[in-house]
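Work through the exercises below with the structure open. Each task is followed by a solution in steps.

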Amino acid sequence: MTATALPAPLRRKSRLGPRIRIAAGVLACIVFLFPVFWMVLSSFKEQRDIFTTPPTLFFTPTLETYISYMQRADISRRLINTIIVAVGSGLLSIVAGAMAGYALARIKLRGAGTIGVLILLSRGVPPIALAVPMFLVARSLGVTDQHITLILAYCTFLIPYVMWLMRGFFLALPKELEESAMIDGCSRFGAFFKIIVPISLPGLLSTLIFSMILAWEELLFALVLTNRYASTIPVAIAGIAGDTVNGANWGALTAVGTITVIPVVIFALLVQKWLIQGLADGATKG
Amino acid sequence: MGTVEIRDVRKAYGQIEVIHGVSIDIADGEFVALVGPSGCGKSTLLRMIAGLEEISGGQIAIGDRVVNDVVPKDRHIAMVFQNYALYPHMNVRENMGFALRQRRLPRAEIDARVMEAARILGLEQLLDRKPRQLSGGQRQRVAMGRAIVRQPNVFLFDEPLSNLDAKLRVQMRSELKELHQRLGVTTVYVTHDQIEAMTLADRVVVMNGGIVEQMGPPLDLYDRPESLFVAAFIGSPPMNFLEGVVEGADTLLLDDAQSIALPMSVSGKGRTTVGIRPEHLSLAATGWPATVAVVEPTGSETQITARMGEHVVRVLVRGRTDAQPGDAIHLTARAEDIHLFDSRSGRRRRPGE
């Protein structure tokens, strides 16, 4: 009955709506993806083809830059370093940040709000101001150029990030869930791990992914705190771009850039179901 | 043993005290309803019994054990929340068995208890569903099932029916009552709905502003409210109130210069409020003159809204009436149905006061 009673203009509008949305979506994709497309395309060109005017779309693709740079700039080791550091700092910050966020959301503590805001404000400090003191501390401890140093350094900005995201997520959960669990025989920790964590899995996972991506592409701390052994991919890219002796090797830059992006894309595709669910809702309405 | 002893219990948040010394003794197997307007402290008191709120003063004992410093899980209680608080990632079976798994009971016993509760509540077909696949009434039942399987000493209910629609609420109300008669477990039930409190409870505790206004069996509260607050809170439609000054022995002079002759002698000084329930007013040939304003028949009874000078009174007449809006009528009431209150203190006037 309701379907037939629907006035005509409403029905037409509902048919027009998706087209506009699709068009807007396609446009947004083009804007965001074109630079990536161009980077990938250029990485298969020879150096002389990259800057032709007008730009060439058709050329003989070559893997030359890939092959030469994978060996020359130690890309494979740096790739492994980046994975170690991104996974390590992501996991560490999700554990610490989620628990801190839960405490901020739930535990009645005098000054908890102030503590939370202070931790958030610490993110307002420009990283460059922290990088040098961090380097001095790391050097006097003798831990420069090590994975753990970089992991801990990344946690300084990842933990506040995770904490605030998860705090909001936990606040949206009804507190009766934990209260019920505590009456049912759990401690506060038990309620957190048995009830809150499983419910929050989509949120935790998407936060973890964002944290790992932030760590993956971080340059400044990696540049300051590592040298050769624990150096990451962004450092390699910066090195190529800032090569003042030979000039920037754009072929190498695009090839290494592509290598950097691929794992992130694969990872995001694998977990996109979780990612969307985690971003879209709390998934908790019980 | 499912007794609950609440002794001069207080709750303060910083400097602000919200519960000012409440004492209630609840017998084993008794169904007690805590009722009152929002902010009266009824939920806070319940949460203190559960151990979810700290007790600022006084003590609470469950069975023979003072539980002030006992964590919720060790109080042998079960609680049903207003929003049910079902664990969304567990199905009905896991939800109901969660507390038993926490206690590491043998699997066979958990299954048996869950099945028994499911049978009592008619949930057998839904055991493998997740909470989001259930209707409001079914979720409510699962929440009760989760409480039943615990076999607790005390059930605590925090407005468990207020998220249901009106029809389901009435149905669940009688199911709850039947359940209590069957299990005989001590129950403390918080509600803001006086009808729920009246129909369910053996004893009703009316709270207001952090104190107990009055407690007693539902009909005692209805028949003999000790304060204006209780008189106004219990009963629907609510009691009529007329306020004025007693003149002579049996006349109340209202503020609009109307005088009302009372069918008994009153010896009160100061301002007095007369309270009469709508069903205790009746139409008569003589009595207090009034004018009919609205007539609302429901079939079994008719509610008349009438004006007495500047005052509006409601009259509930059994059956039907030919009264029409604008009609001049006379109202009377029997002496034993008239409640007298001291207007200033709000307390009931006893003879000779």
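Predicted model: local features only at pLDDT ≥ 70, side-chain atom pairs only at ≥ 80, totals over all residues.

**Exercise 1.** Find where Pro237(B) lies in chain B, and state whether the peptide bond from Ser236(B) to Pro237(B) is cis or trans.

Solution. Step 1: Pro237(B) sits in the loop that runs between helix H8 (228-233) and strand S11 (240-247) of chain B. Step 2: omega of the bond from Ser236(B) is near -5°, and the bond is cis. Step 3: for context, most peptide bonds are trans.

**Exercise 2.** Give the phi of Asp145(A) and of Tyr84(B), then class each residue as buried, partly exposed or exposed.

Solution. Step 1: most residues other than glycine have a negative phi. Step 2: Asp145(A) has a positive phi near 60°, and Tyr84(B) has a positive phi near 70°. Step 3: Asp145(A) belongs to the loop between helix H7 (127-141) and helix H8 (147-171) of chain A; Tyr84(B) belongs to the loop between strand S6 (77-80) and helix H2 (92-102) of chain B. Step 4: a residue is buried at 20 or more C-beta neighbours within 10 Å. Tyr84(B) has 24 and therefore counts as buried. Asp145(A) has 15, so this residue counts as partly exposed.

**Exercise 3.** Describe the sheet that contains strand S16 of chain B, and name the partner of Ala290(B) in S19(B).

Solution. Step 1: the sheet is open, with five antiparallel strands in the order S15-S19-S16-S17-S18 (chain B). Step 2: its edges are strand S15 (282-284) and strand S18 (311-318) of chain B. Step 3: neighbouring strands are turned by 50° on average, direction ignored. Step 4: four bridges connect S16 (residues 288-297) with S19 (residues 328-332) in chain B; Ala290(B) has Ile329(B) as its bridge partner.

How values were computed: Residues numbered from 1 in each chain as written. Chains lettered and ligands numbered in written order. Helix = DSSP H or I, 4+ residues; strand = E, 2+ residues; numbered from the N terminus. Buried ≥ 20, exposed ≤ 12 C-beta atoms within 10 Å, placed from the backbone. Pairing = 2+ DSSP bridges. Axes fitted to C-alpha atoms, helices over the stretch in contact; angles between N-to-C directions.
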